[in-house]
Amino acid sequence: MEVVHPRCAGLDVSKKDAKVCVRHAGGGGRKTVETVTTWSSMTSSILALREHLAAEHVTCVVMEATGDYWKPFYYLLEDLPGVQVMLVNARHVKTLPGRKTDVADATWLAQLGAHGLVRGSFVPPAPIRALRDLTRARTAITRERGREVQRLEKMLEDAGIKLSAVATDIVGVSGRAMLEHLIAGERDPALLAELARRRLRVKIPELTQALVGRFDDHHAFLARVHLDLIDQHTTAIEALTARIEVVIEPFRGFRDLICTIPGISTLTADVVVAETGADMSQFPTAKHLASWAGTTPGNNESAGKVKSSHTRPGNPYLQGALGAAAMSVAKSRHTYLGARYRRIASRRGPMKANVAIQHSMLTAVWHMGTTGTIYDDPGADYFTRLHPDRAKKRAIDQLEAMGYQVTLAATG
């Protein structure tokens, strides 16, 4: 096989150390030499490894994406002059079954890198990595705050308080006021129901019934604990959001651009910027971006038969944000994406329709990031204008199926 990198290194990284195989390809009758050494994962040892690789004139370093343990090695080696550092997906570099050891893995990575048989994963530059840390932390804390609200709701169910059956948000302005008065010792359902605000006031009779229960001092103590934790999470989310607004400043133009896509809010756009790097040159086409994000069908064909077309694993943070955006735009009656969602959902179900909308959003993001143009919505009647005869026939068939006799006449 052709040798692309005569001097290549493979790193099998773990929490405490890394097995490093330095491969010197033979030539002119010389034998290929592979030397495996062990290096600690401490920063001082990695810096020594850096000098060792430079002394060995290594031109390519290959390592697996193992948890977060690859980060100290990658960040200290990525700027090594004249060296291509590749972080590769573990799914793409599996060795033969029954022969898996740390030394064998390092040697296998070095061999793959030497022959150019691996492809590096996308690792964004340092400013994007900082933004990514912030957006992922905000997502995690937001989810934890949601879990805390669920725990509070379970506690209220235990006390016989059915507030969540009437109020959509039990920690909104009205719900929070009722809970604070319950904790303070108020037990009169009529007085508690009068604390409702705005549109919830029309449900005062239902609230009065829902607030009848066996709420006691034990439940008051637990409610106080849950509410304090919710407030702490809210404070942390606000601090992270403020910091994100500072860090995202160099990419604000791209964020404002993709915010013109229906369904993509500022919070969603923050995640898109952090996960894609706001640099569409990393992805040759829109299809590459969609495939990297895990919003395209997988390929699993054998003997001419397609066994499965399930989507392959992609970026979970990007998928989560786009999934919520797709659910939001699906409710829209005046956008192309809303019409596309309903068109696909009627035939293939809501889950596949959601993934299709994510794919459409990413396609728009790639084209907008590449050309710098704002989003131009084709309109909710796009498919009707695209195939007017088909739309007319479908409407007539539906009316005739209901027992009507349809006669068409031109207007104007």
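Predicted model: local features only at pLDDT ≥ 70, side-chain atom pairs only at ≥ 80, totals over all residues.

Student: How many bridges join β4 to β5?

Tutor: The two strands run parallel. The number of bridges joining β4 to β5 is five.

Student: Which residue of β4 is the bridge partner of leucine 11?

Tutor: Look at β1 and strand β4 (residues 60-64), which pair in the parallel sense over four bridges. Within that pairing, alanine 9 stands opposite valine 61. For leucine 11, the bridge partner in β4 is methionine 63.

Student: Is β4 enclosed or open, and why?

Tutor: Buried here means under 20% relative accessible area. Five of the five residues of β4 are buried, so the rest of the structure leaves β4 largely enclosed.

Student: Which residues of β4 point the other way from Cys60, Val62 and Glu64?

Tutor: In a regular strand, side chains alternate between the two faces of the sheet. In β4, Cys60, Val62 and Glu64 point one way, and they are buried. Pointing the other way, and also buried, are Val61 and Met63.

Student: How many of the seven residues of β1 are buried?

Tutor: Strand β1 spans residues 7-13 and is mostly covered. The buried count for β1 is six.

Student: Is arginine 119 buried or exposed?

Tutor: Arginine 119 sits in the loop between α3 (102-114) and α4 (126-158). Along with Arg91, Lys94 and Arg312, Arg119 forms a positive surface patch. The cut-off for exposed is over 50% relative accessible area. Arginine 119 has 67%, so arginine 119 is exposed.

Student: What accessible area do Leu399, Met402 and Tyr404 have together?

Tutor: These residues form a nonpolar patch on the surface. One of them, tyrosine 404, lies in the segment after α16 (388-401). Together, Leu399, Met402 and Tyr404 have an accessible area of about 340 Å².

Note on methods
Residues numbered from 1 in each chain as written. Heavy atoms only, no water. Patch = residues over 30% accessible without salt bridge, like charges linked within 9 Å, V, L, I, M, F, W, Y side chains within 5 Å. Areas by Shrake-Rupley, 256 points an atom, 1.4 Å probe, with all protein chains shown as cover. Salt bridge = Lys/Arg side-chain N within 4 Å of Asp/Glu carboxyl O. Lys, Arg positive; Asp, Glu negative; His and termini not counted. Charge placed at Lys NZ, Arg CZ, Asp CG, Glu CD. Buried < 20%, exposed > 50% of the residue type's maximum accessible area, 1.4 Å probe, protein only. Pairing = 2+ DSSP bridges.
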